[in-house]
Amino acid sequence: MATATSTGNSTSRETEVAEQSLQRAETALVDGEYAKAFAHYMLVLRLRPDKKHEVKANFSLSLREWGEELAKSGRIKDLFSSYQQACEVFPECDTMLNDMGSQLFRLGYHDEAGCCFRRALKLDPDFLPAR
């Protein structure tokens, strides 16, 4: 039987899996394996939401780079599925909204891109990349 830890509702097994996934995510990011990094960060964030601020910058980087790979290979559905997952975890992240807007803009979805940019600016009116 799993026991609760100081991480709230996480069990000790979930905490262990999250820590292993965090190490794997960081290694994958350094190695340029952005899909793997993104997947591991998503697992960490689902198991340990308290790690959200700790992994935000690297998670955002893995998402941006993975998104670029998906866009270049024409995997548009997977691209926006990844951004949707990320926005569920970080609904208040101006950087991710801006990156999603950039992808939409490049693909010709200008109205949808504008919505993302406006949401990013609403979160942070001084966020220059969204202007």
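Arg75 is partly exposed in the predicted model, with a relative accessible area of 38%. Its side chain meets that of Asp78 in a salt bridge, with an N to O distance of 2.9 Å. Asp78 is likewise partly exposed, at a relative accessible area of 33%.

The pair formed by Arg75 and Asp78 belongs to a set of ten salt bridges found in a search of the whole structure. Another of these links Arg13 to Glu16, where the closest N and O atoms are 3.3 Å apart. Arg13 and Glu16 lie three residues apart in helix α1, which spans residues 12-30, so about one helical turn separates them. Glu16 is partly exposed, its relative accessible area being 41%.

A salt bridge also joins Asp99 and Arg64, with 3.3 Å between the closest N and O atoms. Asp99 is located in helix α5 (residues 94-106) and Arg64 in helix α3 (residues 52-72), so this pair ties together parts that are 35 residues apart in sequence. Asp99 counts as buried because its relative accessibility, 11%, falls under the 20% cut-off. Arg64, by contrast, is partly exposed, with a relative accessible area of 28%.

The packing of helices α3 and α4 was examined next. Two packed helices are described by the distance between their axes and by the angle between those axes. The axes of α3 and helix α4 (residues 76-89) come within 9 Å and cross at roughly 170°. Angles over 145 degrees count as roughly antiparallel, and α3 and α4 therefore run roughly antiparallel to each other. The crossing of α3 past α4 is left-handed.

On the α3 side, the contact is made by Lys52, Phe59, Leu63, Arg64, Trp66, Gly67, Leu70 and Ala71. The residues of α4 that they meet are Ile76, Asp78, Leu79, Ser82, Tyr83, Ala86 and Val89. By class, the contact of α3 with α4 comprises ten nonpolar, two polar and three charged residues.

Arg64 pairs with Asp99, which lies in α5, whereas Asp78 pairs with Arg75.

Technical notes. Residues numbered from 1 in each chain as written. Predicted model: local features only at pLDDT ≥ 70, side-chain atom pairs only at ≥ 80, totals over all residues. Heavy atoms only, no water. Salt bridge = Lys/Arg side-chain N within 4 Å of Asp/Glu carboxyl O. Helix = DSSP H or I, 4+ residues; strand = E, 2+ residues; numbered from the N terminus. Buried < 20%, exposed > 50% of the residue type's maximum accessible area, 1.4 Å probe, protein only. Axes fitted to C-alpha atoms, helices over the stretch in contact; angles between N-to-C directions. Parallel < 35°, antiparallel > 145°, perpendicular 65-115°, else oblique. Left-handed = near helix turned anticlockwise from the far one by under 90°. Contact = heavy atoms within 4.5 Å. Nonpolar A, V, L, I, M, F, W, Y, C, P; charged D, E, K, R; others polar.
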